[in-house]
Amino acid sequence: MEKKPLIQLVDLVKTYDNENVVNGINLTIYENEFVTLLGPSGCGKTTTLRMLGGFVKPDSGVIAIEGKDFSEIPAFARPINTVFQRYALFPHLNVINNVAFGLHHRPLSFLTEFYKRRIEKVSPDGSLLKNKGLLKKTIDDFIMKDAKEMLALVKLSGYDTRKIDQLSGGQQQRVALARALINRPKILLLDEPLAALDLKLRQNMQYELKEMQRNLGITFIFVTHDQEEAMTMSDRIVVMRNGNIEQLGTPKSIYNEPINQYVAHFIGETNIFDGEITGKQEVTFLNTKFKYIGYENFKVGSKVDVVIRPEDWDVVPAEKASIEGQVTFSLFKGVHNELVVRAEDHDILVNDYEFFEVGSKIGLKVDPYEIHLMGKENE
Ligand SMILES: Nc1ncnc2c1ncn2[C@@H]1O[C@H](COP(=O)(O)OP(=O)(O)OP(=O)(O)O)[C@@H](O)[C@H]1O
């Protein structure tokens, strides 16, 4: 199925105090995509999201949705809802009224259009439209029915009359989600919505959010500085740096083929060594020649950064090893063991299923496919 572009950001710029915090971003997001803006604090993720939501006005550039320019259109008139880190629920309202609040406060003309099809269904001859009192009551019933449905969707059925302060952080976050989803937005923006939750709950919510997004067919744009969160949920990740897009791709491509040290470090623990191309499909690092297989076209003599993920090292007997070293740190982590191996004056991070005592001498090997090279000029 061909992907349809939903959102286009074109040369988007935001300046604060003469500094471009968003520096001319170009980005296309497709229908039903889960896209994450990932980067350290201050890189411009939230500002980008706020411009998209209509809460911050760009200095220049275009925000188009389904091909229409929305740059000047106010937040409430965009087909977008936002879930913030601080959920901003109304403490004086119970759960169901929090969910229904947004729709309850829309004018009748808006709601008549919003529920057009359902009104036609209950009143095919249009008579309901002429009885304002009954129309209002019917729409109120629709809203409450939808609110209940949304609570079921976020697994809070039966919590209708609970007060907000009688809910856990995770439950409050679910109410915030339900409150956004009842508006049937095409696009849901989520600004670090899981940051306040503890690890276990956060991981559960990650799976649930992803599932919800898939089932509802809504485009989710998620902001986080947590790379693991980005990896778990996203169809594509936008790695940002100083107001620019540093790299854009699937979690797998960003993890396996980072374009430079910034991305490689940001996307999880890794080894980066200085290397030099010393032959056809041969790279030398750690004073050792390694075969590599890659599409990159580096000339012999080129200096490169060599990336090897800790899990891509194999611990092997000395006669099969490319390099030998001594374990200087060893941590049992349940599924695997984290080792630091000192070899050729470098510390090599290695993850292995087997446990080795500090002081053990071990051999290491790496599959030529697992060696990823980055040009130094990308820095
Ligand atoms: N209203 C504002 N006035 C002045 N500077 C601002 C304003 N909003 C954001 N900034 C600055 O713009 C830069 C980018 O901020 P932004 O919130 O987009 O970053 P971020 O990547 O989302 O970071 P975080 O994860 O900390 O929210 C920061 O240096 C911030 O201080």
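In the hairpin formed by strands S4 and S5, two residues lie between the strands, and glutamate 66 adopts a positive phi near 50°. The model is predicted: local features need pLDDT of at least 70, side-chain atom pairs count only at pLDDT 80 or more, and totals for chains, interfaces and linings use all residues. Residues are numbered from 1 along each chain as its sequence is written. Helices (H or I, at least four residues) and strands (E, at least two) are DSSP runs, numbered from the N terminus.

Strand S5 covers residues 68–69 and runs antiparallel to S4, joined to S4 by two bridges; strands count as paired if DSSP finds at least two bridges between them. Alanine 64 lies opposite aspartate 69 in S5. Strand S4 (residues 60–65) also pairs with strand S1 (residues 5–16), in the antiparallel sense and over five bridges. There, isoleucine 7 has isoleucine 65 of S4 as its bridge partner.

An open sheet contains six strands in the order S6-S7-S8-S3-S9-S10, with mixed pairing. Strands S6 (80–83) and S10 (244–249) each have a single partner strand and stand at the edges, so one side of each has no neighbour in the sheet. On average, neighbouring strands of this sheet are turned by 20° against each other, direction ignored. Within the sheet, S3 (residues 34–38) and S9 (residues 236–241) pair in the parallel sense over four bridges, and threonine 36 has isoleucine 237 in S9 as its bridge partner.

Helix H6 (residues 169–181) lies across S6 and strand S7 (187–191), and runs at about 170° to S6. Such angles run from 0 to 180 degrees between N-to-C directions, with axes fitted as lines to C-alpha atoms, for helices over the stretch in contact; contact requires C-beta atoms, placed from the backbone, within 7 Å.

Definitions and conventions:
Contact = placed C-beta atoms within 7 Å.
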